[in-house]
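Here are some notes for reading this structure.

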Amino acid sequence: MSSTLVGPILRWYDDNARDLPWRRPEASAWSVMVSEFMLQQTPVRRVLPVHAAWLERWPTPSALADEPAGEAVRAWGRLGYPRRALRLHAAATTIRDHHDDTVPDDYATLRTLPGVGDYTAAAIATFAYGRRQVVLDTNVRRVLGRTVAGVEFPARSVTKAERELAAGLLPTDPPTAAAWSVSVMELGALICTADRPRCEACPVRTSCAWLAAGKPSYQGPPRPVQDYAGTDRQCRGRLLAVLRDAPGSVSLDQLDAAWDEPVQRARALASLLADGLIVRADDRYALP
DNA sequence: TATTCGTGGGC
DNA sequence: TGCCCAAGAAT
């Protein structure tokens, strides 16, 4: 089974891979790590400029750790989920203080860093250091779900069967395993996309279970709709934008002007303070 | 395990 | 237009 997938996808990647900064031979492990944080739930296109500016300003973990966390939040800009910026700063601090300013190269150590979950630990070990790890992201899950299981979309959360399937497919020698992982992810990002997959251009179209079954539509439980307008998330975003765009601290009045509904506004501000994304000194508010 | 956590682009 | 989703993690 693996031979019908692995070989064609590896060859497809050789001819179709995007030239991304964190994939270049000269890219540092820190560059890879920064990219993985930024790419969590955020498209490549939006990450590119922020990643470049970030590496220019903070070429090493200690360079970032030596500045206030608020600078990371500010530089994060509008990538979204700004707690990632806080966690990246915290991870950089740990790396500076306990790992000789060197991004760890093994899954277990990476996994202990703030903001580094199963996927990100496997991705950094694999893409920065060529380690052999099962890299299971949304792209890989979708590709394997279609080609092997014959379903349009995988389950909500990773199943044991999914993980075993991915582990069984992973090539034995580390360099090939790493190449395979980035290749499957790229196939999911460019060809085997969530909507309007380009099956006619797929290197494994002749062995895809989903295509062979006539591309049956997703049958599982409906995915929760992710509304945004009017939510606490939007409110938090508005409040934090005021802080990002201000040179120093701001007054409560300035924050009040960013959102009409007072109860929700107060709740959002309290949660931002609890998260450490905003700090209060007397009656002024600022980035940490 | 189900929620919560931003933002912007494509159709 | 409104809806879907994009290299997840933490709780």
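1. Chain A is divided into domain 1 (2-129), domain 2 (138-212) and domain 3 (232-286); such bounds come from an automatic or database domain assignment. This is a predicted model, in which local features need pLDDT of at least 70 and side-chain atom pairs count only at pLDDT 80 or more, while totals for chains, interfaces and linings use all residues. Residues are numbered from 1 along each chain as its sequence is written, and side-chain values use heavy atoms, with hydrogens and water left out.

2. The centres of domain 1 and domain 2, taken over C-alpha atoms, are 22 Å apart. Between these domains, 17 residues of domain 1 are in contact with 23 residues of domain 2 (contact means heavy atoms within 4.5 Å).

3. The size of an interface is often given as the accessible area lost when the parts come together. For domain 1 and domain 2 the buried area is about 1,700 Å², and carbon and sulfur atoms give 77% of this area (it is the accessible area, with a 1.4 Å probe, that two parts lose on being put together, summed over both). Leu5, Ile9 and Trp12 supply 36% of what domain 1 buries against domain 2, more than any other three residues.

4. Three salt bridges cross the interface of domain 1 and domain 2 (a side-chain nitrogen of Lys or Arg within 4 Å of a carboxyl oxygen of Asp or Glu). Separately, glutamate 186 forms a salt bridge with arginine 23, and their closest N and O atoms are 2.7 Å apart.

5. Which helix gives the most to the side of domain 1 that touches domain 2? Helix 1 does, with ten residues (helices are DSSP runs of H or I, at least four residues, numbered from the N terminus). The residues of this side divide into ten nonpolar, four polar and three charged (Ala, Val, Leu, Ile, Met, Phe, Trp, Tyr, Cys and Pro count as nonpolar, Asp, Glu, Lys and Arg as charged, and the others, Gly among them, as polar).

6. Leaving aside neighbours within four places in sequence, arginine 236 is in contact with residues including Arg83, Ala268 and Asp275.

7. Alanine 155 is in the loop between helix 9 (138-149) and helix 10 (160-169). Its relative accessibility is 42%, so alanine 155 counts as partly exposed.

Technical notes. Chains are lettered from A and ligands numbered from 1 in the order in which they are written. Helices (H or I, at least four residues) and strands (E, at least two) are DSSP runs, numbered from the N terminus. Buried means under 20% relative accessible area, exposed over 50%, partly exposed in between (1.4 Å probe, protein chains only).
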